[in-house]
Amino acid sequence: MKRGLLIVLSGPSGVGKGTVCAELRHKQSDLIYSVSATTRSPRQGETDGINYFFKTKEQFQEMIAKDALLEFAEYVGNYYGTPRDFVERTLASGKDIILEIEVQGALKVKEKFPQGVFIFLVPPSLDELKQRITGRGTENADIIDHRMNVAVEEMNLIHYYDYAVVNDQIDAACHRIHCIIEAEHCRKERFIEQLEEVKEASEKA
Ligand SMILES: Nc1nc2c(ncn2[C@@H]2O[C@H](COP(=O)(O)OP(=O)(O)O)[C@@H](O)[C@H]2O)c(=O)[nH]1
Ligand SMILES: Nc1ncnc2c1ncn2[C@@H]1O[C@H](COP(=O)(O)OP(=O)(O)O)[C@@H](O)[C@H]1O
């Protein structure tokens with residue numbers, strides 16, 4: 001059976017990853033979202049198990065010790081990590097999964113899944129980025145400044161990604177990502193892999 005695609009979406013805080021991801025899942029209902037674990041406190045409106053698995057530092061460290069995370073990283077004072085089992089089970093079942101994670105974690109995933117699709121969401125400008133993160137109203141001024149500094153560092157790592165998608169308009173950005181996913185489904189390597197499996201099975205029979 002064809003395995004699902006592992007899609008990684010990164011981009012600076014406030015660029016619109018969450019908004020774009022929600023819209024993509026709305027349009028492509030079979031796209032599975034990987035819910036991360038984090039030690040960050042829930043924002044208003046966030047639900048445990050839906051937006052994140054909210055953990056204490058001790059619980060998070062236990063997940064690391066049990067090797068339950070595919071990757072994890074520290075970002076602006078908190079830990080974030082991707083539960084491993086769910087990703088592996090989803091891919092094995094042939095479904096596509098999207099990981100909305102920051103750059104250090106994305107690079108670790110790339111080592112383990114070089115065949116993944118790595119997409120970086122870019123703001124139309126740094127001024128617009130600051131306006132979006134400020135307008136969301138979820139972080140205080142110090143954290144916003146810290147996240148803006150990290151944003152510039154993150155954008156320097158864009159060359160590790162396969163695609164750069166500008167989030168100027170939500171619909172346009174989603175359309176671009178949807179086209180990328182469709183194109184990745186048509187990669188010849190995926191069909192060659194399948195052919196090999198069929199050949200092996202017929203040789204065994
Ligand atoms: N490495 C890693 N990063 C994550 C994970 N989950 C979320 N992140 C990233 O952590 C950063 C901070 O996330 P969050 O506090 O929700 O802020 P937001 O991006 O402004 O909504 C973002 O870049 C997320 O993409 C994860 O499981 N692993
Ligand atoms: N294309 C866009 N144009 C204008 N505002 C946007 C766009 N995409 C997202 N936003 C807004 O920017 C803010 C940050 O978006 P969010 O999805 O929370 O970003 P992230 O998950 O990358 O931190 C939100 O208030 C959201 O409504």
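1. Apart from residues up to four places away in sequence, Val 15 is in contact with Leu 121, Val 122, Pro 123, Leu 129 and Asn 167. The model under discussion is a predicted one. Val 15 itself belongs to the loop that joins β1 (6-10) to α1. Val 15 is buried because 27 other C-beta atoms lie within 10 Å, and 20 or more are enough for that label.

2. Position in the sequence and position in space should be read separately here. Leu 5 and Val 15 are separated by 10 residues in sequence, and their C-alpha atoms are 23 Å apart in space.

3. Ser 13 is also placed in the loop between β1 and α1. Is Ser 13 buried or exposed? Ser 13 counts as buried, because it has 22 C-beta neighbours inside 10 Å. Once residues up to four places away in sequence are set aside, Ser 13 touches Ile 133, Arg 147 and Ala 151.

4. Lys 17 lies in helix α1. Its 20 C-beta neighbours inside 10 Å make Lys 17 count as buried, since the label requires 20 or more. Not counting residues up to four places away in sequence, the residues that Lys 17 touches are Leu 9, Gly 11, Glu 100 and Leu 121.

5. An unreviewed UniProt entry gives the feature "binding site" at Gly 11, Pro 12, Ser 13, Gly 14, Val 15, Gly 16, Lys 17 and Gly 18. The record also has an annotation from an unreviewed entry, "domain: Guanylate kinase-like", which covers residues 4-182. In the model, the span 4-182 is 44% helix and 22% strand, and its end C-alpha atoms lie 12 Å apart.

6. Which residues come nearest to ligand 1? Of the 17 residues around ligand 1, the nearest are Ser 13, Ser 36, Tyr 80, Glu 102 and Gly 105. At least two residues of this shell come from each of α1, β5 (69-75), β6 (78-83) and α4 (103-112). Sorted by class, the shell around ligand 1 holds 8 polar, 5 charged and 4 nonpolar residues.

7. Ligand 2 is surrounded by 14 residues, of which Gly 16, Lys 17, Gly 18, Thr 19 and Arg 132 are the closest. Two or more residues of this shell are given by each of the elements α1 and α5 (126-136). The shell around ligand 2 consists of 9 polar, 3 charged and 2 nonpolar residues.

8. Helix α7 spans residues 170-185, with 16 residues in total. From its first C-alpha to its last, α7 reaches 23 Å, close to the 22 Å expected at 1.5 Å a residue.

9. Which residues of α7 are buried? They are Ala 173, Cys 174 and Ile 177. These residues lie on the same side of α7 because they cover an arc of only 100° around the axis. Among the elements that cover them are α1 (17-27), β8 (117-122) and β9 (163-166). The face of α7 turned away from the buried side carries exposed residues, namely Asp 171, Ala 172, Cys 179, Glu 182 and Ala 183.

Methods
Residues are numbered from 1 along each chain as its sequence is written. Chains are lettered from A and ligands numbered from 1 in the order in which they are written. This is a predicted model: local features need pLDDT of at least 70, side-chain atom pairs count only at pLDDT 80 or more; totals for chains, interfaces and linings use all residues. Helices (H or I, at least four residues) and strands (E, at least two) are DSSP runs, numbered from the N terminus. The expected span of a helix is 1.5 Å times one less than its number of residues. A residue is buried if 20 or more other C-beta atoms lie within 10 Å of its own, exposed if 12 or fewer, and partly exposed in between; C-beta atoms are placed from the backbone. The arc is that of the directions from the helix axis to the C-beta atoms. Two residues are in contact if their C-beta atoms, placed from the backbone, lie within 7 Å. A residue is near a molecule or strand if its C-beta atom, placed from the backbone, lies within 6 Å of it. Ala, Val, Leu, Ile, Met, Phe, Trp, Tyr, Cys and Pro count as nonpolar, Asp, Glu, Lys and Arg as charged, and the others, Gly among them, as polar. UniProt positions are given in the numbering used here, feature names are shortened, and annotations may be inferred rather than shown by experiment.
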